[in-house]
Amino acid sequence: MFSKYCEYLLIFNTLLTAVKALQTEHYILEREYPLERHRIKTDDGYILTVHRIPHSPSTLTQSQQIPHSATQHRPKPVIMLQHGFGLSSEGWVLPDREIALAYQLADAGFDVWLGNQRGNSYSQQHTHYDTWTDDFWNFSFHEIGYYDLAAVFDYMLMKTNNTAVHYVGYSQGTTCLLVLLASRPEYRQKVRSSHLLAPVAYMENIKLPLVQWASNFALNLGEMAVNFLGHNGVLRSHYWPFYRTLCNWVCGEGAYLQDACRQAFAYFGGPGMSNIKQSVLSDVCGAQPAGASIKQILHFIQVYVKGKFQQYDYGSSQHNEMHYQQATPPAYDISSISNCVHLYYGVTDHLADAQDVHKLAKRLPCAVVQPISDEHDKWNHYDFLWSEDAKRLINEHIIRVVKETESLVTTTTGGGI
């Protein structure tokens with residue numbers, strides 16, 4: 001009887017995952033963009049779903065295209081977009097094409113790939129572990145950077161015959177790239193340009209009273225839970241039936257609680273949000289949280305509490321010795337990253353504070369720092385992806401830098417790589 005119940009539960013979970021996996025595809029196809037779905041296996045056995053927009057649906061004008069000389073003798077440039085904590089590829093495509101960076105990059109002539117971290121609603125499989133096992137959820141943002149990004153980069157380059165990718169990361173997506181480049185030097189030459197939106201590496205100046213008050217308690221409680229109960233997946237309300245309907249009731253246009261919904265987002269993300277449409281906010285609510293591990297959350301809390309950008313602390317010198325051959329977790333050596341990194345921060349972002357971003361910039365050998373603010377001198381954590389001003393203040397700049405980088409590569413290589 002119990003085995004039959006587990007079988008039904010597995011079937012239900014598979015069907016539910018399949019439905020969720022259609023959301024990113026729904027948005028892309030609704031805007032009439034071409035779509036591909038790729039499944040990529042990491043070195044440690046996770047199966048990731050990556051969505052691809054290979055080109056624009058429209059015929060572009062010559063002024064919009066990558067210069068012909070840049071594409072005549074080599075493949076179309078590829079660019080990867082990696083989501084933030086609790087999100088998925090869906091976040092990049094749910095606004096319309098006048099807001100979403102993914103569509104604008106495709107219209108500009110790029111081959112666009114949208115990543116999904118292990119454990120979110122699009123990447124729920126492993127070669128050996130089921131999602132209800134402890135082993136499946138035994139990861140933090142370190143493994144997402146070290147294994148997931150590496151696997152996707154290698155796959156992209158193999159499929160497109162390119163030698164390097166352009167990268168745009170948002171929030172945790174920035175953290176993961178820094179982990180990869182600091183930990184695996186061989187991948188530095190595979191990243192042609194990197195654009196980190198709301199970069200998170202140092203978190204000492206985070207402006208969330210709840211986090212400031214409860215961080216030490218949450219860290220101790222979380223570590224006890226992991227020690228006694230093992231690892232697990234959390235923040236998965238994105239899976240619940242009718243969850244999107246509930247978000248529409250609470251956050252949709254004309255909803256009785258729409259102001260409370262906007263204030264809740266502003267509490268976590270910071271002042272701003274005036275240029276995010278209510279309909280987009282409802283879709284954002286429905287798209288998250290898409291899943292994470294307890295260890296992932298604890299790792300971020302450790303970074304905040306300890307004030308260091310370092311690997312996961314297993315709580316005792318004995319356990320750290322087992323994993324790292326030293327009593328304390330090693331810090332990520334970001335001073336060794338030879339890539340020039342573009343850092344974009346919001347002037348009223350509660351989660352990626354300007355002081356922490358500048359601290360990161362000082363430790364990077366080459367960093368270009370770009371503060372972002374709208375006409376009200378505000379720009380918070382969520383504005384990067386969903387503000388109506390994102391195209392003018394961020395997306396056009398990224399596209400220009402990537403095109404200039406491609407032109408420089410063409411000039412220095414004589415049209416080939």
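This is a predicted model: local features need pLDDT of at least 70, side-chain atom pairs count only at pLDDT 80 or more; totals for chains, interfaces and linings use all residues.
Residues are numbered from 1 along each chain as its sequence is written, and side-chain values use heavy atoms, with hydrogens and water left out. Local features were required to have pLDDT of at least 70 and side-chain atom pairs pLDDT 80 or more, whereas totals for chains, interfaces and linings use all residues.

N339 is placed in the loop between α12 (317-324) and β10 (341-346); helices (H or I, at least four residues) and strands (E, at least two) are DSSP runs numbered from the N terminus. The residue N339 has a relative accessible area of 9% and is buried (under 20% relative accessible area, 1.4 Å probe, protein chains only). Contacts of N339, residues up to four places away in sequence not being counted, comprise L181, R188, V191 and C366 (heavy atoms within 4.5 Å). For two of these residues, backbone oxygens are approached by the side chain of N339: that of R188 at 2.8 Å and that of V191 at 3.2 Å from a polar side-chain atom.

In β10, six of six residues are buried. Side chains in a regular strand alternate between the two faces of the sheet. Here V341, L343 and Y345 are buried on one side, and H342, Y344 and G346 on the other.

Strand β7 (residues 191-197) runs parallel to β10 and is joined to it by four bridges (pairing requires at least two DSSP bridges), with S194 opposite V341. Strand β11 (residues 367-372) is paired with β10 in the parallel sense over six bridges, and Y344 stands opposite Q370.

Conventions:
Buried means under 20% relative accessible area, exposed over 50%, partly exposed in between (1.4 Å probe, protein chains only). A polar contact is a pair of N or O atoms within 3.5 Å; within protein, one must be able to donate a hydrogen and the other to accept it, and residues adjacent in sequence count only if both atoms are side-chain atoms.
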